[in-house]
Amino acid sequence: MLLLCSNGLSSKNLISKVNSFSYLNNKAVLVVTADNVYKANNKHVSRVKYELESLGFIVDIIDIDYHSIKDLNNYSIVEFIGGNPFYLLHSLRKSNAKPVIYDISKSSNKLLVGWSAGAFVMQNSLDLVNIFSPELNFLNIKDLTAMSITDTEILPHYNRFKSKFVRFEARCLEYEKENNHKVIRLNDGDGVLISQDEIEIIRSV
């Protein structure tokens with residue numbers, strides 16, 4: 001299963017949904033690679049770690065810049081945190097991560113979670129984030145094709161980005177029209193669960 005979020009399991013509805021998966025074992029891991037500066041010291045790590053621990057999971061932290069991508073197979077929940085999606089994509093490509101994370105997402109007894117940057121890379125491309133934040137692409141990646149774990153496309157932090165970027169919604173609509181593709185807007189606390197090609201939008205309220 002695949003859960004794309006805006007900012008982690010940050011609402012009661014998301015926590016409740018994950019808690020309903022009683023068949024998951026008690027091992028979870030946070031992948032902190034997307035924050036190429038602070039890594040495990042990312043300011044959100046303690047919060048998202050607590051979110052998983054509150055559900056009874058024992059939580060480890062992994063950085064695929066330094067750990068084998070195959071280590072992720074040891075966990076029932078694999079959560080990619082936010083940060084820089086371009087850097088994360090670079091690291092995933094370098095570690096040949098796609099077969100591993102694809103298998104995790106398709107497993108009936110595992111859950112792959114991605115939020116913010118961690119959600120962008122699970123989609124088909126980084127084209128949308130490149131429209132609004134091209135400066136994040138300091139590696140000058142030309143091919144913005146992402147992991148393509150799902151055809152579903154989300155836009156996280158929608159409630160906050162509306163006031164941050166000029167013509168935010170209009171530019172989103174233009175992107176949808178140009179690409180003939182619907183983008184699911186997610187506020188913080190929202191998520192989209194994708195299981196066997198079924199899509200469930202989970203709103204915080």
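Guide: Asp-127 is partly exposed, with a relative accessible area of 34%; the term covers residues between buried, which means under 20% relative accessible area, and exposed, which means over 50%, computed with a 1.4 Å probe on protein chains only. This is a predicted model, in which local features need pLDDT of at least 70 and side-chain atom pairs count only at pLDDT 80 or more, while totals for chains, interfaces and linings use all residues. Residues are numbered from 1 along each chain as its sequence is written, and side-chain values use heavy atoms, with hydrogens and water left out.

Asp-127 belongs to helix α6, which covers residues 127-132. Helices here are DSSP runs of H or I with at least four residues, strands are runs of E with at least two, and both are numbered from the N terminus. Leaving aside residues up to four places away in sequence, Asp-127 touches Leu-144 and Tyr-175, where contact means heavy atoms within 4.5 Å. Gln-196 is 69 residues from Asp-127 along the chain, and their C-alpha atoms are separated by 25 Å.

The loop between α6 and β6 (153-155) contains Thr-152. With 11% relative accessibility, Thr-152 counts as buried. Beyond residues up to four places away in sequence, the contacts of Thr-152 are Leu-4, Gln-123, Ile-184, Val-192, Ile-194 and Ile-199.

The next topic is the sheet. Its 7 strands form an open sheet with mixed pairing, in the order β3-β2-β4-β5-β1-β8-β9; two strands pair if DSSP finds at least two bridges between them. β3 and β9 (198-202) stand at the edges with a single partner strand each, so one side of each has no neighbour in the sheet. On average, neighbouring strands of this sheet are turned by 20° against each other, direction ignored. For such angles, axes are lines fitted to C-alpha atoms, for helices over the stretch in contact; angles between N-to-C directions run from 0 to 180 degrees.

Strand β2 may be followed in detail. β2 pairs with β3 in the parallel sense over 5 bridges, and 4 bridges join β2 to β4, again in parallel. Val-31 has Ile-62 as its bridge partner in β3, and Val-31 stands opposite Phe-80 in β4. Val-29 also lies in β2, which covers residues 27-31. Val-29 is buried, at 0% relative accessibility. Among the residues that Val-29 touches are Asp-60, Ile-61, Ile-62, Tyr-75 and Val-78. Although Val-29 and Ile-62 are 33 residues apart in sequence, their C-alpha atoms are 6.8 Å apart in space.

Together, β2, helix α2 (residues 45-53) and β3 make a right-handed β-α-β unit. A crossover is right-handed if, with the strands pointing away from the viewer, the path from the first strand over the helix to the second runs clockwise. Helix α2 lies across β2, β3, β4 and β5, and runs at about 165° to β2.

Between β3 (58-62) and β4 is a loop that holds Ser-76. Ser-76 is buried, its relative accessible area being 1%. The contacts of Ser-76 include Leu-24, Phe-57, Asn-109 and Leu-111.

Helix α4 lies across β1, β4 and β5, at about 115° to β5. In α4 (residues 98-106), the buried residues are Val-100, Ile-101, Ile-104 and Ser-105. Seen down the axis of α4, these residues fall within an arc of 130°, so they line one face of the helix; the arc is that of the directions from the helix axis to the C-beta atoms. In general, an α-helix has 3.6 residues a turn, so residues three or four places apart point the same way. What covers the buried residues of α4 includes β1 (2-5), β4 (77-80) and β5 (111-115).

A last topic is the cysteines. The structure holds 0 disulfides, a disulfide being a pair of cysteine sulfur atoms within 2.5 Å. For Cys-5, the closest cysteine sulfur is that of Cys-172, 19 Å away, which is too far for a bond. Cys-5 is buried, with a relative accessible area of 0%, and Cys-172 is buried, with a relative accessible area of 2%.
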